[in-house]
Amino acid sequence: LSFQEDFDVIHAHDWMTYPAGIAVAAISGKPLVVHVHSTEFDRSGEHVNQMIYDIERRGMHAARKVIAVSHLTRNIILTRYGVMGDKVEVIYNGVEQNGENRMAFDKVGIRNDEKIVLFLGRITMQKGPEYFLMAARKVIEEIENVKFVMAGTGDMMHRIIEMAAQLGIGHKVLFTGFLRGDDVQRVYQMADLYVMPSVSEPFGIAPLEALNHDVPVLISKQSGVAEVLTHVLKVDFWDVNEMANKIIAVLKYPPLQLTLREHGNFEVRRLRWSGSAQKCLKVYNEVTHHA
């Protein structure tokens, strides 16, 4: 098919498309750019799938340029995959402007006077759901009128539901399953705080979406998005005491919540996809001029 198309650059995203990108580059002689949104080390920790790692490495080394979504990811590419530093560019992700009107949400099982702490993402090892629950238990010891909402599905779902029960906080944790469209908007609009306790997060777009909806944000320092956001709370994913302390501070002190909300929303306005696209275009120009 690539024979019938006229193009200047091949842009391949993550390992699934690298073999095709390498093949098209070999046939066409056109420069290959690979875009790393996540590595096997993010997904699997130290127990990497060797086949996937080999494909990732081959793709990165075959590429004229590698785009990483953060410096966190760039460092993994340099140290774990042996790619030269001058080949790897960092281009942060963005977020669409939120033009939606605020909607009333049917808060099933939630009283009007209850505070809402939100986890929204895949319930997998990478996203740190167990740290969220351990922090939740500590918060519940201090604050009575709070509920923890876990929106998403994943391979740890059943284990996390059981863990909530074992910790004695099952009545305080709501599992919504996977949300889409209007339901995502609504869950952000009911949240008092969004928490992303990721163990290894190449970037993390959900915090930008939360800020776009005026929701204060607490993120792990082990995330790419921590590099670009100042007006958010940051914590090491494993430090559940500090995570709980920061959640309690936001829920107990409205001025802190207000400050984070206003400054965070202002900050996220400059992180737009159009800016990311411009930077990608710059990379295309570089590789085509060197061709």
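In what order do the four strands of the open sheet lie, and is their pairing parallel or antiparallel?

Mentor: Happy to, and please keep in mind that this is a predicted model. The open sheet has the strand order β1-β2-β3-β4, and the pairing is parallel. At its edges lie β1, residues 10-13, and β4, residues 88-90, each of which pairs on one side only. On average, neighbouring strands of this sheet are turned by 25 degrees against each other, with direction ignored.

Four bridges pair β1 in the parallel sense with β2, which covers residues 32-36. Across this pairing, H11 stands opposite V33 of β2. Helix α1, residues 14-28, packs on the sheet and touches both β1 and β2; the direction of α1 makes about 160 degrees with that of β1. Further along, helix α3, residues 50-62, also packs on the sheet, where it touches β2 and β3 (65-68). Here the direction of α3 makes about 135 degrees with that of β2.

The C-alpha atoms of A26 and A62 are separated by 9.6 Å, although the two residues are 36 apart along the chain.

For contrast, look at the part of the chain around β8. Two bridges join β8 to β5, and these strands run parallel; L118 has Y194 in β8 as its bridge partner. Strand β9, residues 217-220, is joined to β8 by three bridges, again running parallel, and Y194 has V217 as its bridge partner in β9. Between β8 and β9 the chain passes through helix α8, residues 206-212, in a right-handed β-α-β crossover.

The side chains of β8 are buried on both sides: L193 and V195 point one way, Y194 and M196 the other. I247 touches L193 and V195, and among its other contacts are V117, A135, V139 and L218. I247 is also one of the residues with the most contacts inside the largest nonpolar core, together with L133, V139 and F148. A second, separate core has 31 residues, among them L120, L179, V184 and V232.

Methods
Residues numbered from 1 in each chain as written. Predicted model: local features only at pLDDT ≥ 70, side-chain atom pairs only at ≥ 80, totals over all residues. Heavy atoms only, no water. Pairing = 2+ DSSP bridges. Axes fitted to C-alpha atoms, helices over the stretch in contact; angles between N-to-C directions. Contact = heavy atoms within 4.5 Å. Core = buried A, V, L, I, M, F, W, Y, C linked by side-chain atoms within 4.5 Å. Buried < 20%, exposed > 50% of the residue type's maximum accessible area, 1.4 Å probe, protein only. Right-handed = clockwise from strand over helix to strand, strands pointing away. Lists of a residue's contacts leave out its neighbours within four places in sequence.
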